[in-house]
Every structure is written in structure tokens, then in C-alpha cells.
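The following note sets out numbered points on the ligand site, a pocket and the local backbone geometry. Please read them alongside the sequence and the model.

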Amino acid sequence: MGIEPSLPQSSPAPARLTDPYLQIEGGYRLSGEVTISGAKNSSLALMAASLLTMEPCRLHNVPKLADIRMMSAILESLGVRVKPVADNTLDIDPRFLSVHRAPYELVNSLRASFFILGPILARLGMARIPLPGGCAIGARPVDLHVRGLQALGAQVRIEHGIVEARARKLRGGRIYLDYPSVGATETIMMAATLAEGETVIENAAQEPEVVDLANFCRSMGAHIRGAGSKTIVISGVLRLHGSEYHVIPDRIETGTFMAAAAITRSTLRIGPVFPEHLAAVIAKLREMGSVVNLVGPGTLEVSPGRVMAATDIETLPFPGFPTDMQAQFMSVLAVSEGTSIISETVFENRLMHVPELNRLGADIRVRSGHAIVRGVLKLSGAPVVATDLRASAALVIAGLAAHGTTTIAGLHHLDRGYESIERKLQALGARIERHLPGAAPSEVSNAVAAGPDAATVAPA
Ligand code: UD1
């Protein structure tokens, strides 16, 4: 079988020389316990859902991340008051939601902001939201969101890059999703909570974040059944009330620390977690040789087995192996015994980290959307550039295992999705430091100049 060399698959804008960068001295074991933050993707959807009521909401366990700050700015641009009241608590007062159009500059930099379409339409009868555009990991269309809203009786047209949806009153409908899209399921579910009559979403996404959103909507008085299964039934109500709600732990952050434990052959305790959110990740790690145990309510312990062995991975909608864990597992498989094949089936351009991992000494080739990972004995530190959110986590994990110094530029990706990652890793004994702009050593500058660059838009 002829194999193509692994080339960068897009040419995003270069990382800026003024950006901060991480420096990691790799090859050391980690130990201890790490606290997992609230789920970013849940928090973003819940923030949008709070627009469905005319009463204040309080969200606990919201991670302090760039994406959350961006969503707050978007809500504020609509007349909504967003106020952090404690470390991880946000008060959202949507009483004064009056604007039905979101500014392009803000929506363009955060794809999840498209979630506001359904709630604004349901509350104000009209919404004008710019198309979120393509992004580093794939085209990410919104056709399923649009078809879902049309099935609820909305008139939707897309003109000049703006999705305009109108409906004096949404009516329940039956929607079959061609693909179990997380975003489309969430958009339709939110809009349907205030529609007249019953809505049935078939082939719905079953991700834990969909369930969290349904639970939040229920806590506001919505009638939703079946979230977490393939069929979700929503009976519309006249109005929703305010609510106080606790966001679930971030399963992707958990998986990232599990991968860090595996690659450094360390024992780590990780919590709080819902193990059922991580069934595929736990199964794969065990298959590769790690020992994973539930050691207390909501605490996982990951420790090294005799060897780390190769395994094949195919990314799939939940409960399959998450696309958001693919890059981090690629780092671990890069130093596992044998050859693994990783197939990315969810997003068409999500292997951009391959050339960067190869810079660290990995042996990975890409052929038709599959990465062929030949395990090597060791990685060696080098300057690298993050290409998207989860890719940046993969580079951190690889850097922890690589011998010598790894520098990682393009940290705006990492900061979108990992709260205090270097502080959490330092507490586990990792030698990782963030350097501020202006202090970049020549190798960082060279890596930035060479690319393969950091994308400027929010991928995941
Ligand atoms: C969400 C997550 C993202 C995660 C992804 C998969 C948020 C903010 N983002 O993204 O972090 O990586 O789920 O778990 O929660 N699709 C269409 N038409 C549509 C919508 C989607 O064809 O209208 C396709 C996409 O191109 C993709 C697939 O469906 O191939 C999955 O996308 P989707 O589940 O919608 O992911 P997101 O909600 O964008």
C-alpha cells in the first residue's frame, strides 16, 4: 500500500510572534489528583438556552475560558446582562433581550454562538445570525439546524451570509436528522421548548452535553423526554422560568488528563467525572494497556500497565469514540508498541496535528482521512505550533513525554478550551511554564515562521 507523506491539510493564518507560548521539559512522571472543570460545550449551549426565559438564571461550574468570555460578549450585545458572581458562577439576566441580530465579528470567532438562533427565534419571533463560516477542522455546515427550524414552521432564508429566521409562533414538528449533529439537535430542542405542540427529533445526537442542555431546559419548566437516546420528544410550553443549574464536568478535559497519565506512565486521580460519559475512552485506554479504575464516587484512577500497545480508533458520534479526543490519543499511540490506524469520520480536516507530532519524532502518515501511526520508542522535544483546540492539547501531552524541551505556540487555541491547564499540570509535577510575549526564544520564532500555523477561527 503506497502511503502519502503527511502534509498540512490547510493553510490557516500564521501564529503571531507576540503570542505567549508554553515551554515543557518532558520525560518526567506525573502524580497526584486533578480537578476537572465544568464542560465548555455544555456551558456554551446553556448560556444560549438562558435566552429562552424572561427571568434571571444562575449557572454554576462554568469554566473560565476565552470561549465563555466571547459568548458573554455576544449575549451582552443582544441586551442580556451577564455577570460573573463567583469563581465559576455566571448570572445571566435575559429580561432585556431586545436585539434579534448578532454582530458578525463576534459570531465569526465563536461557532457555538450560532446556538442563539433557536432561542432568539423562539422568544422574539425573528432572528438574524451571521453564518458561522468554515473552520480549521472542516466545513461544518448548518443545513440541519435550518431544516429543523423549518420543520417547526419557521421561514428561513440565507442571504448575504446571514441566516434570517422568522416565525410568529413556532409549531411542533417531526424531524429526522440525516446525521446526529450535536449543534442541530441542540438548536431544534431549544426552539421546540416554546413551540406549540409536540416536536419529535429522530436520529438525535446522544452526547452528554445534549442531556445537560435538556436537564437545564427542564429545570426552567420545559417538557423534554428521551434526551440521551436517539429520539427526543419535546412538548412545547407557553413560557419558561429562571433557574439555577450546575454544569456537568468536562469529559474531554478528563480524557485529556487520562491521556497525559498514559503517555507519561503515571498514576493520576481525576475527578469529578461521570464514567459513563467516557466509556469509549476508558475502553480504548484499557485495550492499550492502561489500568483504569473507579476509586471513589466520581474519581477515576489511571495507572500504567506493563506496556502501551497500539490500537485502532474510529471517531464516531456518542457513545462512539469522541472526535474531540482523537488528537490526544494520537500522541499516546505515537509512543505505543505497534502500528495503529486512526480514522476521523466526524470532521473532514481534523488531522492537522500530524506534521507537528512528527516534528516531535512521531512516525505518522496520512492517507485518505486515516492516520497510520507507527509507534516509536521515544519523542524528542522541538518547537511546534498548535493548529486547533484539541490539537493543542495533543501537543502538550506529547511534550510531557518528549525528551528535552518542547515549545508550543498558538496558545489562543488551548485557552479556548482548557481552564488553567498549566497550573493543573504543574500541581501534578509537570515542568511546564507559560512565557509571555516578547520573551520568545529563537526556536519559537522559527517554528512560528515555518508554520504549519494556527487557525484564527474557533474550531471546536
Ligand atoms: C460539537 C462540539 C464540538 C465537537 C462536535 C462533535 C460544541 C460547541 N461543539 O460541534 O466540540 O467536536 O460536536 O462532538 O458543542 N453537520 C452537518 N450539518 C449541520 C450540522 C453538522 O452536516 O447542520 C455535520 C458536521 O459537518 C460534522 C458532523 O455533522 O461532520 C458533526 O457535527 P456536529 O455534531 O454538529 O458538531 P458541532 O455541534 O459543530
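1. Which helices each supply at least two residues of the shell around the ligand? They are α5 (143–151) and α6 (182–192), where helices are DSSP runs of H or I with at least four residues, strands are runs of E with at least two, and both are numbered from the N terminus. The largest share, three residues, comes from α5.

2. On provenance, this is a predicted model in which local features need pLDDT of at least 70, side-chain atom pairs count only at pLDDT 80 or more, and totals for chains, interfaces and linings use all residues. Residues are numbered from 1 along each chain as its sequence is written, and side-chain values use heavy atoms, with hydrogens and water left out.

3. There are 19 residues around the ligand, and Asp143, Ser181, Val182, Asp324 and Val346 come nearest; a residue is near if one of its heavy atoms lies within 4 Å. By class, the shell has nine nonpolar, five polar and five charged residues. Here Ala, Val, Leu, Ile, Met, Phe, Trp, Tyr, Cys and Pro count as nonpolar, Asp, Glu, Lys and Arg as charged, and the others, Gly among them, as polar. Domain 1 (4–37 + 249–455) and domain 2 (40–244) each provide at least three residues of this shell, the bounds coming from an automatic or database domain assignment.

4. For the side chain of Asn41, the distance from an N or O atom to a ligand oxygen is 3.0 Å. Taken alone, the ligand exposes 730 Å², of which the protein buries 88%; areas come from the Shrake-Rupley method with a 1.4 Å probe.

5. The second largest pocket has a volume of about 410 Å³. A pocket is an open set of points on a 1 Å grid over the protein atoms alone, where a 1.4 Å probe fits, with protein on both sides within 12 Å along at least five of seven lines; lining residues have an atom within 4 Å of a point. Of its 21 lining residues, Ile263, Arg265, Val335, Leu377 and Ala401 are the closest to the centre. Both α8 (251–263) and α12 (389–401) give two or more residues to the lining.

6. A cis peptide bond joins Gly271 and Pro272, with omega about 0°; Pro272 lies in the loop between β14 (267–271) and α9 (279–288). Another cis peptide bond joins Phe318 and Pro319, with omega about 10°.

Definitions and conventions:
Polar contact = N/O pair within 3.5 Å; in protein donor to acceptor, adjacent residues only side chain to side chain. Points joined across faces, edges and corners; volume = space filled by probe spheres on them.
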